[in-house]
Amino acid sequence: MEKAFKQISDIHFSLHSVITRKSEASDFDLKESFYRWVSGRSENEDYRDIDWLASPVSKTDFPDAISWADIIDYSEGLHCKKLSLSQTENDERKILRMDTAELLFDRFLHEGLSPEERDWVEQIWNQTFNNFSHIDYDNFDYTLEGFSGKYDGKKFTFHDQQKKGFAFLCSKGNGLLAYDVGVGKTATGIAAVMYQLQHGKCCRPLIIVPKAVYSKWVHDIQELFPATTFNKLENLNKDIIDDLRMNSVFAEENNSLLLPANSVSICTAEAIEKIYFSEDSNQLLEESFEHIISKKKQRNISNHLLNSLTSSLYSSKNSE
């Protein structure tokens, strides 16, 4: 059944929503418009200074501890921390900053959009959040090659709820498996990974688990899918890396990658601390992040770091 198209009066989303990020690649920059609307400033004026006579908001819309600069920092993803405050006070201020920013942004969505921006928001919101098709669980292909039919040494078949779980994850491409204890999160998660791998949606999936359950996951994957090429990375210690490098030398099909294609890897959460990017990856990463972080945010982060460094140097000089 087709869902009803929602108008702007029924639409609400965060300053950090994917829609706000999408606007940077369109004709509209919602953040820029938000800044201009609150500050009452034109395109040629600095929106970091509010013109209270032209702004549609008032000083009473800002709590005593929160300034307009704080709202911009929140929008740009900058940290909210004052050295003069305790951890508890900083946490409280962080929540207050977020609540204030989101309330102002929601008000902007319903009071400050131009007709063109309103039409664009309605279209993109409905396309993004109001256009999901229901999963046909009855006709979903649940075939899993190499499935042993054994779990914990006993005959095993996936129950309907588990099958629906990995069908949901594989149809949507991502998701949260919020099953209660005993429903079968581990088996369902393993099935979802194997399904994605067998249908060409991934090539080298990595499963990251807490150290306490690492052995259990290793055992379960090998028991459920014994023929799968499996890389046990543990904490990514030196011996593991050396073995991977040695094996990759003799495997031309790996294209110089340490992990073979169509294999499943598993590591502990602690191993993440040992993962880094080589110098050869820098250019690719820079190009990738240009699509994620706006130029404006890059400038603001750079200015924030520069100001922090300048302040630190100034304080150090005065203390000498």
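Asp-49 is partly exposed, with a relative accessible area of 45%; here buried means under 20% relative accessible area, exposed over 50%, and partly exposed in between, computed with a 1.4 Å probe on protein chains only. What we are looking at is a predicted model, in which local features need pLDDT of at least 70 and side-chain atom pairs count only at pLDDT 80 or more, while totals for chains, interfaces and linings use all residues. Residues are numbered from 1 along each chain as its sequence is written, and side-chain values use heavy atoms, with hydrogens and water left out.

Let me stay with Asp-49. It forms a salt bridge with Arg-41, the closest N and O atoms being 3.2 Å apart; a salt bridge is taken as a side-chain nitrogen of Lys or Arg within 4 Å of a carboxyl oxygen of Asp or Glu. By that rule the count comes to 9 salt bridges.

A second pair is Asp-70 with Arg-93, whose side chains meet in a salt bridge at 2.9 Å, N to O. Asp-70 lies in helix H3 (residues 68-75) and Arg-93 in helix H4 (residues 87-111), so this pair ties together parts that are 23 residues apart in sequence. Helices are DSSP runs of H or I with at least four residues, strands are runs of E with at least two, and both are numbered from the N terminus. Are these two partners buried or exposed? Asp-70, at 11% relative accessibility, counts as buried, and Arg-93, at 8%, counts as buried as well.

Lys-216 forms a salt bridge with Asp-220, with the closest N and O atoms 2.5 Å apart. Both residues lie in helix H8, 4 residues apart, or about one turn of the helix. Lys-216 is partly exposed, with a relative accessible area of 41%, whereas Asp-220 is buried, at 0%. Elsewhere, salt bridges that share partners join Arg-41, Glu-45 and Asp-49 into one network.

I turn now to the sheet. Which order do its strands take? It is an open sheet of 3 strands in the order S3-S5-S4, with parallel pairing; two strands pair if DSSP finds at least two bridges between them. Strand S3 (206-209) and strand S4 (230-234) stand at the edges, each with a single partner strand, so one side of each is left without a neighbour in the sheet. The twist averages 20° from one strand to the next. Angles run from 0 to 180 degrees between N-to-C directions, and axes are lines fitted to C-alpha atoms, for helices over the stretch in contact.

S3 and strand S5 (residues 264-268) run parallel and are joined by 4 bridges. Within this pairing, Ile-208 stands opposite Cys-267 in S5. Helix H8 (residues 214-224) packs on the sheet and touches S3, S4 and S5, its direction making about 175° with that of S4; contact means heavy atoms within 4.5 Å.

At 54% relative accessibility, Pro-226 counts as exposed. Leaving aside residues up to four places away in sequence, Pro-226 touches Gly-146, Ser-148 and Ile-221. The C-alpha atoms of Pro-226 and Gly-146 are separated by 7.2 Å, although the two residues are 80 residues apart along the chain.

Helix H2 (residues 30-39) and H3 pack at an angle of about 170°, with their axes 12 Å apart. H2 and H3 are therefore roughly antiparallel to each other, a label given to angles over 145 degrees, with under 35 being roughly parallel, 65 to 115 roughly perpendicular and the rest oblique. On the H2 side, Lys-31, Phe-34, Tyr-35, Val-38 and Ser-39 meet Trp-68, Ile-71, Ile-72 and Ser-75 in H3.

Buried residues make up 35% of the 320 residues in the protein chain.
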